[in-house]
Amino acid sequence: MPSSLQSLVDPTLAEMGKNLKEAMKILEDSERRTEEENEKQPESDDIPGPLQGSGQDMVSILQLVQNLMHGDEDKAPPSSRIQNIGEQAHMALLGHSLGAYISTLHKEKLRKLTTRILSDTTLWLCRIFRYENGCAYFHEEEREGLVKICRLAFHSRYEDFVVDGFNVLYNKKPVIYLSAAARPGLGQYLCNQLGLPFPCLCRVPCNTVFGSQHQMDVAFLEKLIKEDLEKGRLPLLLVASAGTAAVGHTDKIGRLKELCEQYGLWLHVDGVNLATLALSSASSSVLAATKCDSMTLTPGPWLGLPAVPAVTLYKHDDPALTLVAGLTSNKPSDKLRALPLWLSLQYLGLDGIVERIKHACQLSQRLQENLKKVDHIKILVEEELNSPVVVFKFFQELPNLGSNPGLTAALGPNVAPSAAGQERHSCNALNRWLGEQLKQLVPESGLTIMDLEAEGTCVRFSPLMTAAVLGTRIEDVDQLAACIKSKLPVLTCTLQLREEFKQEVAATAGLLHVDDPNWPGIGVVRYEHANDDKSSLKSDPEGEKIHAGLLKKLNELESDLMFKMGPEYRSMKSCIYIGMASDDVDIAELVETIAVTAREIEENSRLLENMTEVVRKGIQEAQVQLQKANEERLLEEGVLRQIPVVGSVLNWFSPLQAARKGRTFNLTAGSLESTEHTYVSKVQGTGVTPPPTPSGTRIKQRLPGQKPFRRSLKGSDAMSETSSVSHIEDLERMDQLSTGPEQNASEPSSPEQHPGAPGLHEAKQSAAVQEKAEHPADDCPQVEEPESLR
């Protein structure tokens, strides 16, 4: 605050503003105080904590608040500690401090000041949002205004409600009509606050054949009103939406107003689209809300103002009924609720208010225009004009599968229709994954993920509720559209590869496909080992060990796929979750790799267990044989040789020539063998070499630098325009070497040999002649080589 203006302001107010700024600066500062500054005084046994001693200064108290606010910062993921606080937000926060200060004034001054603040704020809001001759009720809970309006409707329609109370309602039951697209829990909240039974609520269905699926069916509403009148009930109030909580649809408020006037219902409107009333180009359906009996506004999120109350504007001429209903109050503290909004509106001005709302609408229109150019993206509110809410989702229908001929040919003709049949169950998980990815890539967008009954999982962009706080710009919207385009190939390919993965797993022995609708990746697979109890869902230690080793081996391959252990529920068995895939993933190789690797881990584990048992039995057998050998040695040497003195004299005169006897344990054969051959020939026996573990027949060899599970060399990182030919030749040579000597021997007689290339037989003859010339003494051994080496 400049010094020239500071001299014109009450010193107490100036000091209050200064203290508030200092407090916000301390709270926003992330640095911690050192241990020397935090030296505590001796604690008292009676009252532990900061009440010890002579008290704390303001900085110490604010430091304590800061530690409480950011104490768990190390455990939580990194994020903004506090929302964006600008000058207009400081004005709103200052209003709460000023309200406490103003409440200490003299009663007469306090009454005049609160009346002025309340009347100014009400007039400004009615002019900005085109609600002429209205009254305002400021409340902290957004739904509290509707509760007060319902009580006002009770007092207006039931003359003896103050005296008789519930008896009047019992004789003629009231009916409150809500749209089926209303926010969840609104009807239950009204019944709890008003003390009404749930039959007093009537949910009006939305249009399903004509019009939007989220707009109230006016014809069906009229039918319900007539039925309630015939049953002796009293249609009391109708809650309409100017922007539903889910997708931002606006009801046909004009027709609803005519219907309410015809049957004497109170019409209340709420919704985010009411903010567009401040613009010069509001839609006709939203403009009709200016003729309703009451409406609820939330200027805090629209303008980025923290701790600002919601406002319910209403029209009623009887102040006594409004006082009984709780819409007006004589308490100064109730009137001072409008003070933060009174300060913020003055700080922003009319141009600032309109600019913020207009900017939010431009952001939604920009995103809607960008999404219309993107394939496989469906917009749910496309028919709404100038709607500040954009709801979209990823989808893929059967005709769109033919847009990628290469991928369809690679997957096969029977895979694409099956994948399209599973689209409904798979798109929800994919859209949830898309929403999470977009929230991480563009956090300034303020996206939310929601589940709709008809459409499934969708992503919502509502800049009116988030842009002012997050500072969303046009560049952020363009970045959001670019991120959506970049994620579409992964989503499309994953959806198409799911059915192929399921078929490959079903055709592979030892693997079981697990259906998990909440997993967005290719699929979930479980390896069934020999001791697996398929009918039990209890924990399987052996299976968990195999799957843990399998997960480690798969992650060591360094492929583009993500492998995860799951699920987190202990009651279910372990599985391998495979993440999103690109368009060049070879599903057959992937499934074969999983099966072979899991089988190798199981065999190695079983071999180790068997070896342990064999070693244990071998030790026991060796001990028995050694004991027998000692007994035989005693019988052979005689008793006299065992006496210490006599035995030594006898051995000196007649030495005993005893053969060396020992035992060796063959791990391969699992048997005990004599060491006599080792001492005689001075060479240890070789034993039998175990056969190698068979590998997968469909696991192909890769070029240097090529990542695993690539369908073709086209997408390999190792391929380039200059090295593709040489890499292909290397791969062909590796395949020829892997075919074995039998196929190489049959190749010279093949009539389909390339005409321009030298034959393999001629190359062998030339190599043999050259070797004979260099080593003439080795001719005979080469001719008489064993048949097994040919």
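Which strand does β10 pair with, and in which sense? Hi everyone, let's start there, and please keep in mind that this is a predicted model. The partner is strand β11, residues 456–461, and the two run antiparallel, joined over five bridges.

β10 and β11 belong to an open sheet of four strands, ordered β8-β9-β11-β10 and paired antiparallel. At the edges are β8, residues 377–379, and β10, residues 448–452, each with pairing on one side only. From one strand to the next, the twist averages 35°. As a quick reminder, strands of a sheet pair through backbone hydrogen bonds.

What lies across this sheet? Helix α16 lies across β8, β9 and β11, and its angle to β9, residues 390–394, is about 25°.

The largest nonpolar core has 72 residues, and the members touching the most others are Y177, L221, L238, V269, L274, M295 and W302. Helix α16, spanning residues 339–372, gives this core its largest share, 10 residues.

Let's zoom in on Y177. Leaving aside neighbours within four places in sequence, Y177 is in contact with a set of residues including C202, V204, L221, L224 and I225. Also among them are D228, P235, L238 and L265.

Methods:
Residues numbered from 1 in each chain as written. Predicted model: local features only at pLDDT ≥ 70, side-chain atom pairs only at ≥ 80, totals over all residues. Heavy atoms only, no water. Core = buried A, V, L, I, M, F, W, Y, C linked by side-chain atoms within 4.5 Å. Buried < 20%, exposed > 50% of the residue type's maximum accessible area, 1.4 Å probe, protein only. Contact = heavy atoms within 4.5 Å. Pairing = 2+ DSSP bridges. Axes fitted to C-alpha atoms, helices over the stretch in contact; angles between N-to-C directions.
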